[in-house]
Amino acid sequence: MRDTVFMSEMSWTEYEERLAAGAVLMLPCGTIEQHGHHLPLGVDKLLPTKVCEMAAAKMNAIVADPIVYGAKSQPRMGGGQAFVGTTSLDAGTYFNVVRDVLREFIRHGARKLCVVNGHYENTMLVMEGVDLALREARYDNITDITIMRLEYWDYIRDATLNTIFPDGFPGMALEHAAVIETSLMMHYFPHLVDAERIPADEGPASFPVYDIFPHNKTWVPASGSLSPARGATAEKGELLAADSIEGIVCDVKEVFGI
Ligand code: ZN
Ligand code: MN
């Protein structure tokens with residue numbers, strides 16, 4: 001057996017044996033999307049894939065290759081589609097990719113699945129893909145499948161947020177390319193963070209209650225971050241990551257009784 005949690009680093013027989021032994025299969029879902037000047041385009045796939053890697057190592061789970069491209073960016077969540085680099089799929093394409101990939105895993109023998117999302121706009125479409133995969137499985141009379149689905153940032157504890165945001169947490173909605181993602185990137189991928197390019201004087205985005213199309217780039221701070229990443233540190237990233245990993249491991253073990 002190769003010493004890896006990654007499906008794509010296993011032989012097909014190793015993968016098959018681990019699934020047959022009851023391993024949970026984790027699927028990271030991300031996107032390619034602008035994350036300000038200081039972070040790379042791949043944050044939303046790098047972070048959930050890393051969280052899956054760390055969590056999988058604690059429970060003999062397998063990590064599938066992430067679904068790299070994701071749902072369309074929206075200004076109030078990820079800056080929107082007006083930015084160069086943001087590379088998105090149509091909604092129907094996306095949920096069908098999720099469906100097809102999950103259906104393949106089920107055909108391989110996976111019965112315990114956990115989808116870990118790293119891009120907010122994917123949320124409802126992942127749910128649709130999961131639902132369609134389960135429906136297809138039922139047509140094939142496969143009924144012993146459970147699919148968990150989660151956002152890794154929902155495991156960050158209030159106590160951690162209070163430590164990281166002593167002046168009050170502005171809310172997850174404005175955390176795009178801000179302190180949480182930047183701190184996690186500093187912790188796991190310091191070579192990919194250009195901290196000197198965090199704007200010194202940019203404030204948080206402030207949105208009206210309505211959306212407007214085509215997306216208007218001027219709604220978003222010029223850098224593309226929705227709120228300032230100033231104050232991000234690798235130490236904060238370590239705290240945030242620990243919450244996510246511990247929380248996910250705990251819930252996966254509980255759901256699947258492992
Ligand atoms: Zn992001
Ligand atoms: Mn995103």
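Buried means under 20% relative accessible area, exposed over 50%, and partly exposed in between (1.4 Å probe, protein chains only). This is a predicted model, in which local features need pLDDT of at least 70 and side-chain atom pairs count only at pLDDT 80 or more, while totals for chains, interfaces and linings use all residues. Residues are numbered from 1 along each chain as its sequence is written, chains are lettered from A and ligands numbered from 1 in the order in which they are written, and side-chain values use heavy atoms, with hydrogens and water left out.

**Stop 1: the manganese ion**

Select ligand 2, the manganese ion, with Glu33, Asp44 and His119. These residues coordinate the metal through OE, OD and ND1 respectively, at 1.9 to 2.4 Å. Donors here are N, O and S atoms within 2.8 Å of the metal (3.2 Å for Na, K and Ca); water is not among the atoms, so sites may look incomplete. Along the chain, the manganese donors are spaced E-x10-D-x74-H. Glu33 sits in the loop between strand S1 (25-29) and H2, and His119 in the loop between strand S5 (112-117) and helix H5 (123-139); the pair is 86 residues apart and links distant parts of the chain. Helices (H or I, at least four residues) and strands (E, at least two) are DSSP runs, numbered from the N terminus. Are Glu33 and His119 buried or exposed? Both are buried.

**Stop 2: the zinc ion**

Which residue coordinates both the zinc ion and the manganese ion? Asp44 does, and the two metals are 3.5 Å apart. His35 (NE2), Asp44 (OD) and Glu181 (OE) coordinate the zinc ion at 1.9 to 2.1 Å. The spacing of its donor residues in sequence is H-x8-D-x136-E. Asp44 is in helix H2 (residues 43-57) and Glu181 in helix H7 (residues 179-188), so this pair, 137 residues apart, links distant parts of the chain. Asp44 is buried at a relative accessible area of 3%. Glu181 is buried too, at 8%.

**Stop 3: H2 against H7**

Show both helices as cartoons. H2 and H7 pack at an angle of about 60°, with axes 11 Å apart. Axes are lines fitted to C-alpha atoms, for helices over the stretch in contact, and angles run from 0 to 180 degrees between N-to-C directions. H2 is therefore oblique to H7. Angles under 35 degrees count as roughly parallel, over 145 as roughly antiparallel, 65 to 115 as roughly perpendicular, and the rest as oblique.

On H2, the contact uses Val43, Asp44, Leu46, Leu47, Lys50 and Met54; on H7, Glu181, Leu184, Met185 and Tyr188. Contact means heavy atoms within 4.5 Å.

**Stop 4**

**Stop 5: Thr86**

Select Thr86, in the loop between helix H3 (75-78) and strand S4 (88-89). Thr86 is buried, with a relative accessible area of 11%. Leaving aside neighbours within four places in sequence, Thr86 contacts Ile32, Glu33, Gln34, Leu41, Ser73, Gly80 and Gln81. Glu33 also coordinates the manganese ion.

**Stop 6: the cysteines**

A disulfide is a pair of cysteine sulfur atoms within 2.5 Å. By this rule the model has zero disulfides. Cys52 is buried at 0% relative accessibility. Cys114 is buried at 1%.

**Stop 7: backbone exceptions**

Most residues other than glycine have a negative phi, and most peptide bonds are trans. Go to Asn141, in the loop between H5 and strand S6 (146-151). Asn141 is not a glycine, yet its phi is positive, about 60°. Asn141 is exposed, at 67% relative accessibility.

Then jump to Ala177, in the loop between helix H6 (158-164) and H7. Ala177 also has a positive phi, about 55°, and is not a glycine. Ala177 is buried, at 0% relative accessibility.

Finish at Phe213 and Pro214. A cis peptide bond joins them, with omega about -5°. Pro214 lies in the loop between H7 and H8.
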